[in-house]
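Hi,

Here is the model I promised to pass on.

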Amino acid sequence: MARLSEDNIRLAREIIGRYPKPRSATIPLLHLAQEQDGFVTNEAMSHIGELVGATSAEVYGTASFYEMFKFEPVGKFLINICGTMSCALLGAEELMHHAEGRLGIKMGSTTADGKITLERAECQAACTEAPCLQVNYRYRYRVTPQDLDALIDDLSSGALDAEIPAHGTVATVRQSIPADRGVGAVDPDDVTEGPAWLDGKAAL
Amino acid sequence: MSGGTWKHAPGFYEGDRPRIVTSRFEYEDSFTLERYLATDGYKGLRTALGRPATDVHDEVKNATVLGRGGAGFPAGNKWGLTPQGVWPRYLVVNGDESEPGTYKDRLLMERDPHQLIEGCLIASYAAGLSQCFLYIRGEMALAQERVAAALNEAYAAGYVGKNILGSKFSLDIVLHWGAGAYVVGEETALIESLEGNRGMPRLKPPYFPAAIGLYGQPTIVNNVETLANLPWLLQNGAPAYTAIGTATSPGTRMVAVSGHVNRPGVFEIINGTTTFRDLLYGDEFCQGIRNGNDLKAFVPGGGSAPWFTPDQLDLPFEASQVGPAGSMLGSGAIMVMDSTTDIPRAALTLTRFYAHESCGKCTPCREGGTWLERILSRVVDGKGTDADLDQLFEVGESICPGAFPHASNEKLGLAAVPFPYRMNTICFVGPSAYAPVHSALTLFRSEFEARITKRKLISVTAVGQ
């Protein structure tokens, strides 16, 4: 378990370069580390600190604030069942109990085979499609207990492996700014003038 | 399975109304540059760049584009709060949609990312903002993917980056994503998070990051939907925009109605005139309460908002009327409870949310929110005591001193206490933990009392059956 790989270091430097201050890249790099290892390791946090100019304690201070960062292994699939009002009004608590029974684990824990972690999540912005859940941040809408059983079957058999990447990967598309098109980030301390287009004339 | 007119836009219903921000939702490929360009995409940008920046700013001011994130502050005025001669200025896009009940910005990012990008470009041009950070909620994988792909296309085609459309206007838009924290939707917490810190709101004053924001520089923080209005506005002009809706609430707005209605959905509604009755009972909207049940209560503006009952159904979507009636429009999120709803448990799902999401910076919220949750939990479980209900009000008053807003109620002989409230915290998370408790206990006290006198143990069933 590990510091960032060579490929990820390259990616990390590209990300850092987009911000006027390197420390702004802390959260994106924590995501990168979690994508690499499935959770955020101490070694990765030290490494991120070196890259952005922070201590490992500062990086951990930031990381530990955010729900999505895990500091010990979780299942390959993280099921987050929403428990906030709109979902609760339409059976989210029943769904959670059903999931606990079906998986034989309590909310907040992982199945013995390390496949599935079950958590209650807060409002996931799909309130009209209640009750909803996410598997590794991919939505499932208006989920019935039968839907949930089928989902768990599919996750266990590997039928959804192509659609849902293992825990750690969130977006599978990255921004990439072409060298000849990017303006480039500037430290605010080095900026003394307003932008060129504020000269009182049309830009085109 | 999901609802909606189109499978690719879950929950969204079209309706026979003007569509400013959802005009491309019918296309399955609405998120591509090709479709965007084929449907007037980037024409608003071209119009903007053909005019001096101050003209564009004036156009937005004249249209009174109210902020769609919750506070409803006019965007054009917000841009004007930046101090003169302080450079650089930044744009931070708030795509951290997480207020309970709110579902609109995610759809706008997933279905029409180029519209948002064009909005960012117009805002940055008008207000002289030299870099844009587009902060998307961490849990929204598809929105991140769609915006990333759209940005890559837009850079390659010359719409973003150096010398946009061959002009002297240059702007980088950096896609940034969060990692799960509701409070980061508060604009100063968003900035803290973007600086690589724990997402805790900053002490105020300054009240607006327009004065001191990202890296201590003037920073405009705008909501996704607010910015998504700009391409249409620039193309059609402020008079066309203000011709829709009312003088104080022009244009349209995105509203999500969820809970116990026959047809929960996301709608682009006409601002200012549409009433809650239209939304809950109208044929083109939610088509009534499910199973023919009666309406018990509804949350009019996101989990933070004090509750309304059927007495308030005829209020329009207009801040100047909803405020005096004791609540707020917030982020366009209505949650509906029918007559079967277990009110104490429904309130608990919201209070638990805010207690859980407290960042811990302000003691009244950190401690108060937690105690509200614990006491309410105890009452819901049938283990409450007579003292608990008064205790809930006492704890609430330590977060929000004085009279807390609530709606009028004819049956209970209650007169409304107008919005807003006083607060002992930096941001609205603490008061929001109290709002559902206060509303539920004020409007439905007998349900709490029954829980205590009967010491009723509650079996595990849906909150509304």
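A:Arg138 pairs with B:Glu145 in a salt bridge, with 3.0 Å between the closest N and O atoms (the term means a side-chain nitrogen of Lys or Arg within 4 Å of a carboxyl oxygen of Asp or Glu). Between chain A and chain B the count is 3 salt bridges. Helix H2 (26-37), helix H4 (56-63), helix H5 (85-89), helix H6 (92-103) and strand S4 (138-140) of chain A each give at least two residues to the side that touches chain B (helices are DSSP runs of H or I with at least four residues, strands are E runs of at least two, numbered from the N terminus).

Bear in mind that this is a predicted model: local features need pLDDT of at least 70, side-chain atom pairs count only at pLDDT 80 or more, and totals for chains, interfaces and linings use all residues. Residues are numbered from 1 along each chain as its sequence is written, chains are lettered from A and ligands numbered from 1 in the order written, and side-chain values use heavy atoms, with hydrogens and water left out.

How many residues are in contact on each chain? It's 76 of chain A with 103 of chain B (contact is heavy atoms within 4.5 Å). The two chains bury about 7200 Å² between them, 60% of it on carbon and sulfur atoms (that's accessible area, 1.4 Å probe, lost on putting the two parts together, summed over both). A:Met85, A:Arg181 and A:Trp197 supply 11% of what chain A buries against chain B, more than any other three residues.

Cheers
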